[in-house]
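Here's a set of exercises to work through with the model open beside you. Try each task before you read its solution.

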Amino acid sequence: MKLSQFRIRIPDELVALQPVEHRDEARLLVVNRKTGTFEHRQFKDVVDYFSDGDVFVFNDTKVFPARLCGNKEKTNAYIQVFLLRELNPELRLWDVLVDPARKIRIGNKLYFGEDNSMVAEVIDNTTSRGRTLRFLYDGTHENFKKDLYELGKTPLPDEFIKRRDIMPEDAENYQTIFAKNEGAVVAPATSLHFSRELMLRLQIKGIEPSFITLHAGLGNFAEIDVEDLTKYKMDSEQLFVNEEVANQVNNAKKKERQVCAVGTTVMRALETAVCTNGMIKPFEGWTNKFIFPPYDFTVATSMIANLYGSESQLLMMTAAFGGYDLIMKAYQEAISEKYRFGIYGDAMLIL
């Protein structure tokens, strides 16, 4: 398939700048693949479509305050640094993106904080992901991380949040209620709809929660710059699927229960860890799996997804699971019914 086949005009006014007041009261567009029909519900109604013994697979990655604003030495030019990954705790080395990047050279010092309390030096300009910074800090690693995170801001993606300011409440809103393992710079947005009350309702109904960890990165929102999708390469993301998760999912499949992938990161994780027999195995490593139509899914029987941006790999994965024609029709339905798009928007359940 071609990139242009996923071009959708989403009116600006339908991109959500704020979440709904209660997480589980967003709207839910239910897409039935067998009948090709749609239903319009509230997100908390998702429990109505599942039964005792079904499994919901979530991503328990935790977003950290990865966006730093500072200035370049001598010129005092404004710069923005996006922390991607800690490379070496002892040497304070971080893999980062820098904007604007064109004038940042090896040896440049960057200053952060009102009193320039945090200083970093550019030591590598040639990594595939951006830059390597060494933070100049004499204290303990624990104090360093504390100070660094106090300077950082919630890394809301510019593609979906069209506002300049980061609100204090974003630190909570842009985090799932079960976030546990720190390492993501992008929240698993579909899971943001789950409240503690909804999780309890799932438990009461006998629906099992299962948790993988995939540290989602900026590649989720990277612009795809090739028309031929077979030529596109995704950034790698760190993934952990433990034995307990594998057993839960495999047992559900053996009993012919539903396995629901909550979000695209979970779907990528399951399809990375799957064996040739359709069962999944424990996995610890990196994945750059890029899923677009046509694709034969072997693990999940249903999927919950947000309403994603035009030409995004998130939309492509959704279309691969739901069927290209049906999902493109569903998006037009969502637009005509004025659903909210983006990380703070509404959701879709594909059965």
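**Exercise 1. Find how many cavities of 30 Å³ or more there are, and describe the lining of the largest one.**

Step 1: On a 1 Å grid over the protein atoms alone, a cavity is a set of points where a 1.4 Å probe fits but cannot get out; lining residues have an atom within 4 Å of a point. Grid points are joined across faces, edges and corners, and the volume is the space filled by probe spheres set on the points.

Step 2: count. The rule gives 1 cavity of 30 Å³ or more, and the largest cavity holds about 130 Å³ of space.

Step 3: The largest cavity is lined by 16 residues, and Ala187, Pro188, Ala189, Thr264 and Thr265 are the closest to its centre. Sorted by class, the lining has 10 nonpolar, 6 polar and no charged residues. (Ala, Val, Leu, Ile, Met, Phe, Trp, Tyr, Cys and Pro count as nonpolar, Asp, Glu, Lys and Arg as charged, and the others, Gly among them, as polar.)

A word on the ground rules: this is a predicted model, where local features need pLDDT of at least 70 and side-chain atom pairs count only at pLDDT 80 or more, while totals for chains, interfaces and linings use all residues. Residues are numbered from 1 along each chain as its sequence is written, and side-chain values use heavy atoms, with hydrogens and water left out.

**Exercise 2. Work out how many residues of helix α5 and of helix α6 are buried, and what α6 packs against.**

Step 1: definitions. Helices (H or I, at least four residues) and strands (E, at least two) are DSSP runs, numbered from the N terminus. Buried means under 20% relative accessible area, exposed over 50%, and partly exposed in between (1.4 Å probe, protein chains only).

Step 2: take α5, residues 264–273. Here 10 of its 10 residues are buried, including Arg268 and Glu271.

Step 3: move to α6, residues 313–322. Again 10 of the 10 residues are buried, so α6 is largely enclosed by the rest of the structure. Gln313, Met316 and Phe321 are among the buried ones.

Step 4: find the partners. The buried residues of α6 pack against α5, β16, α7 (324–336) and β17 (347–350).

**Exercise 3. Describe the ring pair Phe112 and Phe135: is it stacked, tilted or edge-to-face?**

Step 1: the cut-offs. Rings of Phe, Tyr and Trp (its six-membered ring) pair if their centres lie within 6.5 Å; planes under 30 degrees apart count as stacked, over 60 as edge-to-face and the rest as tilted.

Step 2: apply them. The structure holds 19 aromatic pairs. For Phe112 and Phe135, the centres are 6.3 Å apart and the planes sit at 40°, so this pair is tilted.

Step 3: Phe112 belongs to strand β8 (residues 109–112) and Phe135 to strand β10 (residues 131–136), so the pair ties together parts 23 residues apart in sequence. Both Phe112 and Phe135 are buried.

Step 4: One aromatic cluster is formed by Phe43, Phe50, Phe56, Phe58, Phe178, Phe194 and Phe211.

**Exercise 4. Which rings have Arg27 and Arg33 over their faces?**

Step 1: the test. A charge sits over a ring if NZ of Lys or CZ of Arg is within 6 Å of the ring centre and within 35 degrees of the ring normal.

Step 2: Arg27 lies over Tyr339, 3.9 Å from the ring centre, and Arg33 over Phe321, at 4.2 Å.

Note on methods:
On a 1 Å grid over the protein atoms alone, a cavity is a set of points where a 1.4 Å probe fits but cannot get out, and a pocket is an open set with protein on both sides within 12 Å along at least five of seven lines; lining residues have an atom within 4 Å of a point. Contact means heavy atoms within 4.5 Å.
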